[in-house]
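Open the structure in your viewer and keep the selection tool at hand. Each stop below says what to select and what is found there.

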Amino acid sequence: MKEIDMSARAREFAENLTKAGVPLDFTPASLAPIHSLTAAMIKKLRPANVAEGKQKRAMACLNLAAYVGEVL
């Protein structure tokens, strides 16, 4: 199994969201939009019982976990 660089994943996630207008700067205050962002992603992504949906949901969870972990 390939090891994942969670710090790099968190930085990439933050950069992408900042470019999309959701500023994430690794401060505790930047966790506030994560709740609404998570709810919006769940609504947008395909269901987990669809192969594509399962994979995309897994990647979204990984990205969120990487970011939250770096902030904490």
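## Stop 1

The model you are looking at is predicted.

The axes of α1 and α3 are 8 Å apart, and the angle between them is about 100 degrees. Angles from 65 to 115 degrees count as roughly perpendicular, so α1 is roughly perpendicular to α3.

## Stop 2: N63

Stay with helix α3 and select N63, which lies in it. Is N63 buried or exposed? The relative accessible area of N63 is 18%, and the cut-off for buried is under 20%, so N63 counts as buried. Show the side chains of N63 and R9: they make a polar contact at 3.0 Å. Apart from neighbours within four places in sequence, N63 is in contact with R9 and F13.

## Stop 3: where α2 meets α3

Next, select α2 together with α3. Their axes come within 11 Å and cross at roughly 175 degrees. Angles over 145 degrees count as roughly antiparallel, and α2 and α3 are therefore roughly antiparallel to each other. To see the contact itself, pick I34, L37, T38, M41 and I42 on α2, and R57, A60, L64, Y67 and V68 on α3. Sorted by class, the residues of this contact are eight nonpolar, one polar and one charged.

Keep I34 selected. Leaving aside neighbours within four places in sequence, I34 is in contact with F13, L24, L64, Y67 and V68.

## Stop 4: the largest nonpolar core

Which residues form the largest nonpolar core? Select F13, A14, L17, L24, I34, L37, M41, A60, L64, Y67 and V71, eleven residues in total. Colour the helices to see where the core residues come from: α1 (6-19), α2 (32-44) and α3 (51-71) are the elements that give two or more residues each. The most come from α3, which gives four residues. In soluble globular proteins, nonpolar side chains tend to be buried together.

## Stop 5: S30

Move to the loop between α1 and α2 and select S30. S30 has a relative accessible area of 4%, so it is buried. What does the side chain of S30 make a polar contact with? The partner is the side chain of Y67, at 2.4 Å. Not counting residues up to four places away in sequence, S30 touches P23, L24, D25, Y67 and V71.

## Stop 6: F26

F26 counts as partly exposed, with a relative accessibility of 31%. Beyond residues up to four places away in sequence, F26 touches A10, R11, A14, Y67, E70 and V71.

Check the backbone here too. Most residues other than glycine have a negative phi. F26 is not a glycine, yet its phi is positive, about 65 degrees.

To finish, draw a distance from the C-alpha of F26 to the C-alpha of K44: the two are 25 Å apart in space and 18 residues apart in sequence.

Note on methods:
Residues are numbered from 1 along each chain as its sequence is written. This is a predicted model: local features need pLDDT of at least 70, side-chain atom pairs count only at pLDDT 80 or more; totals for chains, interfaces and linings use all residues. Side-chain values use heavy atoms; hydrogens and water are left out. A nonpolar core is a set of buried Ala, Val, Leu, Ile, Met, Phe, Trp, Tyr and Cys residues joined through side-chain atoms within 4.5 Å. Buried means under 20% relative accessible area, exposed over 50%, partly exposed in between (1.4 Å probe, protein chains only). Contact means heavy atoms within 4.5 Å. Axes are lines fitted to C-alpha atoms, for helices over the stretch in contact, and angles run from 0 to 180 degrees between N-to-C directions. Angles under 35 degrees count as roughly parallel, over 145 as roughly antiparallel, 65 to 115 as roughly perpendicular and the rest as oblique. Ala, Val, Leu, Ile, Met, Phe, Trp, Tyr, Cys and Pro count as nonpolar, Asp, Glu, Lys and Arg as charged, and the others, Gly among them, as polar. A polar contact is a pair of N or O atoms within 3.5 Å; within protein, one must be able to donate a hydrogen and the other to accept it, and residues adjacent in sequence count only if both atoms are side-chain atoms.
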